[in-house]
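Subject: Structure handover

Hello,

Here is the structure I promised to pass on. Please open it first, then read my notes below.

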Amino acid sequence: MPVIRTWQLTAGATAVGLALAAGAVAVAGPWDSGQRRAEREWAAGDRPPGGAPGPERPAPAPAPSAPAVLSPLGARAATAPADGKPGGLGEELAPLLDDPALGALRTASVVDATTGRRLYGKGEAEPMTPASTIKIATAAAALTALGPDHRIPTSVVASGRELTLVGGGDASLDRAMLRTLAERTARALRERKTGSVELAYDTSLYSGDPMHPIGVNGNLAPVTALMVDQGRIDAESRGSSERSDDPAGEAARTFARMLSERGVRITAPPAPGRAADGARALAEVRSRPLSALVERMLTDSDNDIAESLARQTAVAGGRKASFAGAERAVREQLARLKVPLAGARFADGSGLDRKGRLPARLLTALLARSAEPGRPELRTVLTGLPVAGFNGTLESRYPGDAPGTGLIRAKTGTLTGVNTLSGTVAAPDGRLLAFAFLAGKTPARDPAQDALDRLASALAS
């Protein structure tokens with residue numbers, strides 16, 4: 001853990017207090033290892049993660065009010081007028097944004113997160129390849145469609161001796177949860193005095209090609225409504241690792257073995273199928289609340305969960321749960337938030353597809369919406385963001401004495417020639433600012449990331 005200055009923690013607490021008083025939430029959250037490792041193998045040459053993902057956190061409680069505490073702490077007065085006028089953000093950010101490391105294409109948007117007021121912009125309406133920062137949009141759409149308390153089911157239904165394992169699209173389903181489902185199923189069968197069954201598995205909730213446009217990838221399984229351990233061959237692996245080309249079949253076979261260990265005889269290998277008409281519910285497990293899944297997605301930059309949440313959004317909106325259906329559904333849900341969607345393209349939920357396009361002002365608008373007092377359902381869009389100098393992809397990008405350490409929370413995005421950073425920062429005057437810096441045709445990853453970090457740090461100093 002890097003050493004940081006006491007004033008940074010104090011200033012961070014100060015900004016949180018003021019943001020809460022205004023009805024926003026200044027937030028913490030972690031990591032981009034999943035996205036970045038996948039991109040390393042496919043495109044970007046990224047570093048491996050610094051460790052396994054941390055424990056999941058419950059959904060946050062409603063934000064309390066807090067009194068202003070700047071005066072006792074001696075915070076500086078605001079010095080950044082809107083719209084980049086001389087002496088303000090424009091004077092500070094313009095030369096940093098002109099850094100050649102950011103390549104030929106670069107856009108920026110900075111707003112006051114508690115009011116949505118534009119403070120600085122350069123090309124903020126220009127659609128850009130967002131890479132992993134598109135997960136901010138995926139999160140906001142899913143939470144708007146389903147609410148933070150929604151849980152995704154995985155169930156078993158029965159018709160006589162025919163069992164069907166029904167996938168509900170939970171990309172967080174692991175062996176422990178599947179084992180619980182097997183226990184409940186075996187108990188229900190014992191109560192029915194049924195000792196042998198046939199087993200089928202149903203993935204019909206999703207439609208279309210399950211393969212992502214980037215093809216086989218170590219950090220993204222085929223997108224299917226049923227998988228366990230995200231289709232990993234080694235269930236204990238993290239980050240980029242070998243995936244099954246048939247995650248639904250592997251999940252069903254694992255479930256069959258678990259039933260057998262509990263005294264249930266499976267009369268034939270599991271086969272794909274649909275539940276018989278009149279099949280009755282036998283057992284079920286549900287995911288953690290959607291708010292926790294959103295945090296995990298943003299924290300770990302989890303591509304499997306991102307694609308799952310995009311499809312859950314499609315199901316909630318009555319669309320086909322395919323890449324195309326999810327794209328339409330995400331746009332429809334974001335339109336409900338009245339954010340600027342001109343030029344946006346939601347080609348996937350994870351940001352691995354280069355056909356995705358977002359303007360910088362859309363990202364800052366979504367962050368500002370997520371801080372609004374009247375939208376507590378969106379709060380985990382903020383609480384899932386990595387913290388500079390502490391965790392996630394930002395852990396090693398901010399040294400302990402950097403002005404942004406502990407004050408910047410941001411989602412990173414990296415593809416070859418694409419580097420992006422979008423999140424929030426506690427400014428010296430106590431405001432919570434939302435920012436998005438998007439760069440394209442960047443010549444090299446590390447210098448581009450350093451340039452983005454300097455831009456964000458300028459907002460904190």
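The backbone oxygen of A344 lies 2.4 Å from a polar atom of the R331 side chain. A polar contact is a pair of N or O atoms within 3.5 Å; within protein, one must be able to donate a hydrogen and the other to accept it, and residues adjacent in sequence count only if both atoms are side-chain atoms.

Before more detail, some ground rules. This is a predicted model: local features need pLDDT of at least 70, side-chain atom pairs count only at pLDDT 80 or more, and totals for chains, interfaces and linings use all residues. Residues are numbered from 1 along each chain as its sequence is written, and side-chain values use heavy atoms, with hydrogens and water left out.

**Around R331**

R331 lies in helix α10. Its relative accessible area is 32%, so R331 counts as partly exposed. The cut-offs are these: buried is under 20% relative accessible area, exposed is over 50%, and partly exposed is in between (1.4 Å probe, protein chains only). Setting aside residues up to four places away in sequence, R331 touches L341, A344, R345 and F346. Contact means heavy atoms within 4.5 Å.

**The whole chain**

The chain has 13 helices and eleven strands. Both are DSSP runs, numbered from the N terminus: helices are H or I with at least four residues, strands are E with at least two. Of the 461 residues, 59% are buried. Among contacts with a separation of 6 or more, 72% join residues 24 or more positions apart. The chain exposes about 17500 Å², and carbon and sulfur atoms supply 52% of that. These areas come from the Shrake-Rupley method with a 1.4 Å probe; for residues, only the protein chains shown count as cover.

**The cores**

Where do the nonpolar residues gather? In soluble globular proteins, nonpolar side chains tend to be buried together. Here, the largest nonpolar core has 47 residues. A nonpolar core is a set of buried Ala, Val, Leu, Ile, Met, Phe, Trp, Tyr and Cys residues joined through side-chain atoms within 4.5 Å. The residues with the most contacts inside this largest core are L334, V339, F346, L362 and L366. Elements that give two or more residues to it include α5 (134–146), α10 (323–336), α11 (360–370) and β11 (432–440). The largest share, eight residues, comes from α5.

Take L366 as an example. Leaving aside neighbours within four places in sequence, L366 is in contact with I136, A137, A140, L334, L337 and V339. There is also a second, separate core of 31 residues, which includes A402, A410, L459 and A460.

**Rings and charges**

The structure holds one aromatic pair. F435 and F437 form it, stacked, at 5.4 Å centre to centre with 25° between the planes. Rings of Phe, Tyr and Trp (its six-membered ring) pair if their centres lie within 6.5 Å; planes under 30 degrees apart count as stacked, over 60 as edge-to-face and the rest as tilted. F435 and F437 are buried.

Most residues other than glycine have a negative phi. Which loop holds S301? S301 lies in the loop between α8 and α9, and its phi is positive, about 50°. S301 is buried, with a relative accessible area of 0%. D302 is in the loop between α8 and α9 too. At 8% relative accessibility, D302 counts as buried. Beyond its neighbours within four places in sequence, D302 is in contact with K135, Q230, R296 and M297.

K193 has a positive phi as well, near 60°. K193 lies in the loop between α6 (175–191) and β5 (196–202). At 74% relative accessibility, K193 counts as exposed.

Best wishes
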